[in-house]
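Here is a short briefing for a reader new to this structure.

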Amino acid sequence: MKMPSKTVALLLAGAMAFGLAGCGNSDSSSSGSGASGDSGDKTKITFQNIYPDPTTPTYKMIHQIVDQYEKEHPNIDIELDTLNTDQQKLKLKTQAASKEIPDITIVNPAAQMKPYIDAGLLAPLNDVIDKGGLKDTYQEGLLDYYSKDGKVYALPDGNNIEVGFYNKALFAKAGIAAPPTTFDELLADVKKLKDAGITPIAIGEKDSWTGSFLFMNILLRTNGGPGFLQDVADGKKTFNDPAFVEAVDAFQKLVQAGAFPEGATSIDATAGGNMFRTGQAAMFFIGTWETGANDGSTVGKDVSVFKFPTVNGKGNPDEFMLAPGSAFAVSANSEHLQETKDFLNYFALNLPKVSFELKNAVGLGQKVDGDFKAAGYSPLAIDVLDLFKNVKGGDLSFDNTMNPAVSQVHLSSIQSLFVQQVDPKQIAQEHQAAFEANP
């Protein structure tokens, strides 16, 4: 299948970036070419994934299900190609440019996965979800983010919201009685924590999506609600709008206040999360997919959760940055397409049960058959579940809404704020110029 020229250009741009970034860490013994094949008499299925931290429930989940499948299907060898999120995105772009994506890979919803669908690289999975009642396990409407023209191209691992996790013991040490409900209170808490010798907010901005996620919370507030990016896409607003400039200004105030660790842009997302989970930082703004990892950490008993505060009196705390999860997609060119689909069906059917047993079922995109309290889920997990009950809507991430070229400018612009002070209007104009150049 011939790729549309614009799609090829987008994928090659990512491939060039990956060449500069290097391959990163992998727990796989494969060459990383993404090609499938036979291992002796066994059929080998390559499973690219983003669960690199052995201490997390997601890592344990994927290994448990894969081990279980291999025992039940001794003719199948599942080879895990494990990377962190940004490394995986870049590697996939490189593989896509040569049409050699792994049998199973990870894609993100909406705008981020569109180039792969348009290039004919992903196999429709309607037959996978129709098998064994899998389709009915997903929350209503969730699969729409991963579909085009009536075909489902990926199966999500979650449906999350972004929240603020905080360490109650470190807050008490700094003399803070409660989490912030306004942005001014957040800035005041940053100062108190710094004065107490505590890093206020953990982040791993080497993976640039982390700063973008936090920024989108601020924009959701300064815009007075969701829909800013859609309004830009529809021509109703521009990035030079006061709401966007105000959001950049507020984000920069956090940086200038010393909210983040020194050298944040050299810390990857996994290491950033571990700063919070080892008691080195007091707050961590991240998706609820981190609930289980935070719960099971050495500081788990001290961790609680709060909604992102209002900014300059604007916004509804019950509106969240929405994060329909990263998702499992199958290569249309897989040498073992049916075997791969059979395994993915098994994997997805078992994911809720295994995640529930690992105390990591908060924020799943599939219905969970179980009583969280009776199963011994922590107060933190129950508090997070309560937040879900009151969600009044929100926005998807920037890179799930805008096309890859505009998103890359956005990610780089926000990342630059960690190392230099920039006029917010200049950042806004950079976004607008990228949007106009990449309609």
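## Asp-318 and the ground rules

Asp-318 sits in the loop between β11 (303-306) and β12. Helices (H or I, at least four residues) and strands (E, at least two) are DSSP runs, numbered from the N terminus. The model is predicted: local features need pLDDT of at least 70, side-chain atom pairs count only at pLDDT 80 or more, and totals for chains, interfaces and linings use all residues. Residues are numbered from 1 along each chain as its sequence is written, and side-chain values use heavy atoms, with hydrogens and water left out.

- Asp-318 has a relative accessible area of 17%, so it is buried. Buried means under 20% relative accessible area, exposed over 50%, and partly exposed in between (1.4 Å probe, protein chains only).
- Not counting residues up to four places away in sequence, Asp-318 touches Lys-307, Asn-390, Val-391, Lys-392 and Gly-393. Contact means heavy atoms within 4.5 Å.
- Ala-361 lies in the loop between α13 and α14 (379-389).
- Ala-361 counts as buried because its relative accessibility is 3%.
- Leaving aside neighbours within four places in sequence, Ala-361 is in contact with Ser-355, Phe-356, Val-368, Phe-372 and Tyr-377.
- Ala-361 and Gly-292 are 69 residues apart in sequence, and their C-alpha atoms are 7.9 Å apart in space.

**Two buried asparagines**

- Asn-49 belongs to strand β2 (residues 42-49). Its relative accessible area is 1%, so Asn-49 is buried.
- The side chain of Asn-49 reaches the backbone oxygen of Phe-47 at 3.3 Å. A polar atom of that side chain also lies 3.1 Å from the backbone nitrogen of Tyr-51.
- Beyond neighbours within four places in sequence, the contacts of Asn-49 are Ile-62, Leu-80, Asp-81, Thr-82, Leu-83 and Ile-106.
- Asn-49 and Ala-110 are 61 residues apart in sequence and 19 Å apart in space, C-alpha to C-alpha.
- Asn-217 is part of helix α8 (residues 209-222). Asn-217 counts as buried because its relative accessibility is 2%.
- A polar atom of the Asn-217 side chain lies 3.0 Å from the backbone oxygen of Phe-213.
- Asn-217 is in contact with Glu-162, Phe-308 and Met-321, leaving aside neighbours within four places in sequence.

**A partly exposed aspartate**

- Asp-127 is found in helix α5 (residues 126-129). At 39% relative accessibility, Asp-127 counts as partly exposed.
- The side chains of Asp-127 and Lys-341 are joined by a polar contact of 3.1 Å. A polar contact is a pair of N or O atoms within 3.5 Å; within protein, one must be able to donate a hydrogen and the other to accept it, and residues adjacent in sequence count only if both atoms are side-chain atoms.
- Asp-127 and Asp-342 are 215 residues apart along the chain, with 9.8 Å between their C-alpha atoms.

**The nonpolar core**

- The largest nonpolar core has 128 residues. Such a core is a set of buried Ala, Val, Leu, Ile, Met, Phe, Trp, Tyr and Cys residues joined through side-chain atoms within 4.5 Å.
- Phe-47, Leu-155, Phe-165, Leu-254, Phe-260 and Phe-347 touch the most other members.
- Leaving aside neighbours within four places in sequence, Leu-254 is in contact with residues including Phe-183, Leu-214 and Phe-260.

**The cavities**

- The structure holds two cavities of 30 Å³ or more. On a 1 Å grid over the protein atoms alone, a cavity is a set of points where a 1.4 Å probe fits but cannot get out; lining residues have an atom within 4 Å of a point.
- The largest cavity holds about 800 Å³ of space. A volume is the space filled by probe spheres set on the grid points, which are joined across faces, edges and corners.
- Its lining has 41 residues, and Ile-50, Thr-85, Trp-289, Glu-290 and Ser-326 lie nearest the centre of the largest cavity.
- That lining divides into 19 nonpolar, 16 polar and six charged residues. Ala, Val, Leu, Ile, Met, Phe, Trp, Tyr, Cys and Pro count as nonpolar, Asp, Glu, Lys and Arg as charged, and the others, Gly among them, as polar.
- The second largest cavity has a volume of about 70 Å³. Elements α8, α11 and β10 (281-287) each give two or more residues to its lining.
- The lining of the second largest cavity has eight nonpolar, four polar and no charged residues.

Notes. On a 1 Å grid over the protein atoms alone, a cavity is a set of points where a 1.4 Å probe fits but cannot get out, and a pocket is an open set with protein on both sides within 12 Å along at least five of seven lines; lining residues have an atom within 4 Å of a point.
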